[in-house]
Every structure is written in C-alpha cells, then in structure tokens.
Amino acid sequence: MPAKPPPLPPVRSLKLRKTLSAPGLLERVRGCFSEVTEHRKTKPDYPLVDVLMLGLALFSLKDGSLLQFDKQRGDKARRHNLKTLFGIADAPCDSQMRTVLDGVKPQRLRPVFRAIHQELQRQGILEGYRFLGKYLVSIDGTGIFSSGAISCPDCCIKTHKDGREEYYHQMLAAVLVHPDKNTVLPFFPEAITKQDGSKKNDCEHNASKRLIPQLRQDFPRMEMILLQDALSCNAPHIRLLKSNGYSFIITAKARSSSLLLNTVLDGLANGSTQELAGTTSKKLRCGYRYANDIPLNHANQDVRVNYIDYWEERPDGTTFIYDCVTDIPLTADNVADVVRAGRSRWKVENETFNTLKNLGYNLEHNYGHGKQNLSTVFATLMMLAFLIDQIQEACCQYFQAARTRLQSRIALWEKMRGMFREHLISDWESFYAAIIWGYEHANLTPKGIRSG
C-alpha cells in the first residue's frame, strides 16, 4: 500500500517569507528585468519588463505550449491574475511576445540569477549547501532544441551520414548541489550556439571557457568545488580551473590512462598509495585506493592531481567503480566525503535536466525558435522559473505545504493552471492557501463574479 501523505498544517498557520517566496522573488526578478536594455527602435506597445515577466509566467505555470497559454488572452481571470501575481499590466499576444524576446540578448538576463543567489547568501540559505567547507557546483550540458527544418544563424549543425542536416541548440548548466539535498540551485546557463562571426559549431568545451570565468566574476569570493565529467579530465581544462581559483573533482577514466592507474598501483608497493575498506549506508562492501600529487598523464607531467579509485559492491553482485581526480589533499578522514561530493555531480542530470524534461517544464519543447535569440531566451527563463521553484521548495512553507497536498510536481502545476484560469486571485498567499486548505480558506473569486 502507498504511504499516507503527511498531515497538512493547521489553517493559516504558515508564514510567507518576505524575500524567498514567490512574491518577493518575482519582485526582485522584475527589478532586474526593468534594467534590461530596450532593443526596439520604435516606441513599444508593451514595456520590455512586462514581456519578460510574461515569458517567466509561461514557465512558472508550466503551460504545454505558447498557443495554449495565449488562448485565454482576453479572459478576465487571466488578465487579472497576470497583474496580481506577476505585475503584468497588459500582455501582448504570443506572436508579439516571440518577436520581442527574440531580440533580447540572453546575457542581459545574467544579473537576475546573480541577484537571487546574493539574496540567498544574505539570508544564510547557502550556508546549508556547504560541503567540504566549500560549495559544490556541478556543470554539464544538455540539448534544448533540435530540428531538421527550422534554423537560425546561431544554430549548430550536425550532418548525418545520409547527408541530412540537423540544427540544434544546447546549453551548459552550472548548478549548486549538496549530497544530502534534493533541491538544487542553478546559476545562469551558458548557451552552446555558434558565436558571433564564427562558422564553426560551438561545443561544451568552448562554452565552459566562457562560463567558468563569468561564474567567478559574478561570485568572486564564493569558494567553489566544480564537479565535472571525464570530458573535462584534461590538462588545459584543469589549468583553466586553477587560474580562476576553483577547486575541482573531475570524473576520470583511469583504465584508459595508464599513468594514473599504474602510479596508484605501484604506490601500493612503495607506500605512496593508501587503501581503505568499509561499507556503504546500505551495508554493502566498498573500498578506496588513493594517492596525492601524481601526474595527470605522460604529456602533462607538470599537472599534478590527487586520484581516487573507488569500488562498491551492488546488491545484484556487480561492482560499481568510480574514479576521480581532485586538487583536494586526500586523507583517510576525507576520502569518503570527496567521493560523495564527486558523485553528487549527477544531480545536474537527475535533479535538474530530468526534472526540466519530464516533470512539467517541457525542456526541449519548441515554444518558438525565432531568428536570433528566442530559443535561448526561453530556455533561460525556464531555468529561472526552475530556480524560483527550487528556492520555494527549500524555503517557502506555503509552497512546501502545497507540494505535500498534491504530492507530485505535475499535479501541483495542473492545479495551479486550473485555478489561474478559473478564479480571480488576489495574491500568492491566497493562491497557495486555496491549494492547501480549499477555496473557502482563500481570497479567490470565481471568474465572472465581481470581487469584493
């Protein structure tokens, strides 16, 4: 039998955090959006800040398509609720929104992510994400658009063996993670698209050359440990990390790099390699072999790393193996935590990309490609909506209770969309209260009935 959901809190017993619940977060977002440079040369029909907020509203409500979102454009409830919840006085139609957002340079949206993370620092929320004394930031790429027919000048192009061309966009995400937390906190993502004046495809490696220095520029005093996959286990990339003041834990494929593994194996005889055995939290056998200050490979003897070869028995009798290199000095006291930190790299895939693709956010769905930046701007606004939801899931009692009441994210999004379309909502507190305790305990009015 399925477990019974936890009981709901007493009516009106919750508090709405001033800056870390939807109204406070959206107010901060609106302030940042108001600073985005206007790119339209003629007097606009709609303020740019309202168009950007409308795009954010689309992804906050998780509508499956822009056309569906726009269907109720003339509806009283939609107009009312866009104003009371998102501060949008008058909203353009879907085609106008696409045209306006297509001209917005994605980098102009970077300050809003920085501002939100700075607020999390001020409120002490980020302290709970410290691990090994620093912050773990997992970096990985994913696709956001692919088509055999639709393209723009920024599209990368893949030519198949049969001559077909496929146009695509990707993005490189950097996400604050913790081994013991399900919530993740994304930073501003870097677009993987053809760069201005370049005829060559962009790639994850080149995008990381842009993201890593920019992340340091945004947070110069934030001590980070970057978590990356084996594609980043190379000397130029490790030099880039060190030059920007980052620690790192990078997955290694030591069985294809004889120097790393052989140095560790040789160290078992001369004492430079340490070996530990233990059990996992599920009482399965595991073990570590580790060594400090060994060369990365034959071609880069000057790049010195610390290396861990970890193994773990699985219930089915197989053995899981995880290897990594790091700049963190390894000891018997910290090697298990370094492995835990390194393996939390998967949270960028599991808790971020899988959530965005499968739990209502519709990543990879084509909301509109545009001729310039639309696809990337939409993906960035989606990531911003996800960041706001993750903060609420970690910090907002109303959002947490609403999640408990509906039990799944998708059910919550469906409930929110239905209420948004059918009722006049006075504020976010009433919105969540109606979900948690029912309409009779919230300040909602059915559409078509005059309020108050």
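Where pLDDT is low, the predicted coordinates should not be read in detail.

Two notes before you click on. This is a predicted model, in which local features need pLDDT of at least 70 and side-chain atom pairs count only at pLDDT 80 or more, while totals for chains, interfaces and linings use all residues. Residues are numbered from 1 along each chain as its sequence is written, and side-chain values use heavy atoms, with hydrogens and water left out.

**Stop one: the largest pocket**

A pocket here is an open set of points, on a 1 Å grid over the protein atoms alone, with protein on both sides within 12 Å along at least five of seven lines; lining residues have an atom within 4 Å of a point. Grid points are joined across faces, edges and corners, and a volume is the space filled by probe spheres set on the points.

The largest pocket has a volume of about 550 Å³. Select Thr280, Tyr310, Glu312, Arg340 and Arg343: of the 24 lining residues, these are the closest to its centre. Next, show β9 (274–279), β10 (285–297), β11 (300–313), α10 (335–343) and α11 (347–358), which each give two or more residues to this lining. Helices (H or I, at least four residues) and strands (E, at least two) are DSSP runs, numbered from the N terminus.

**Stop two: the second largest pocket**

Its volume is about 450 Å³. Pick Pro106, Asp154, Thr193, Asp196 and Asn373, the closest to the centre among 18 lining residues. Two or more lining residues come from each of β6 (190–192) and α7 (204–218).

**Stop three: the largest cavity**

A cavity is a set of grid points where a 1.4 Å probe fits but cannot get out. How many cavities of 30 Å³ or more are there? The count comes to five. The largest has a volume of about 110 Å³. Select Ile144, His365, Tyr367, Ser375 and Phe378, which lie nearest its centre out of 14 lining residues. Then highlight β2 (134–147) and α12 (374–395), each supplying at least two lining residues. Helix α12 gives the largest share, four residues.
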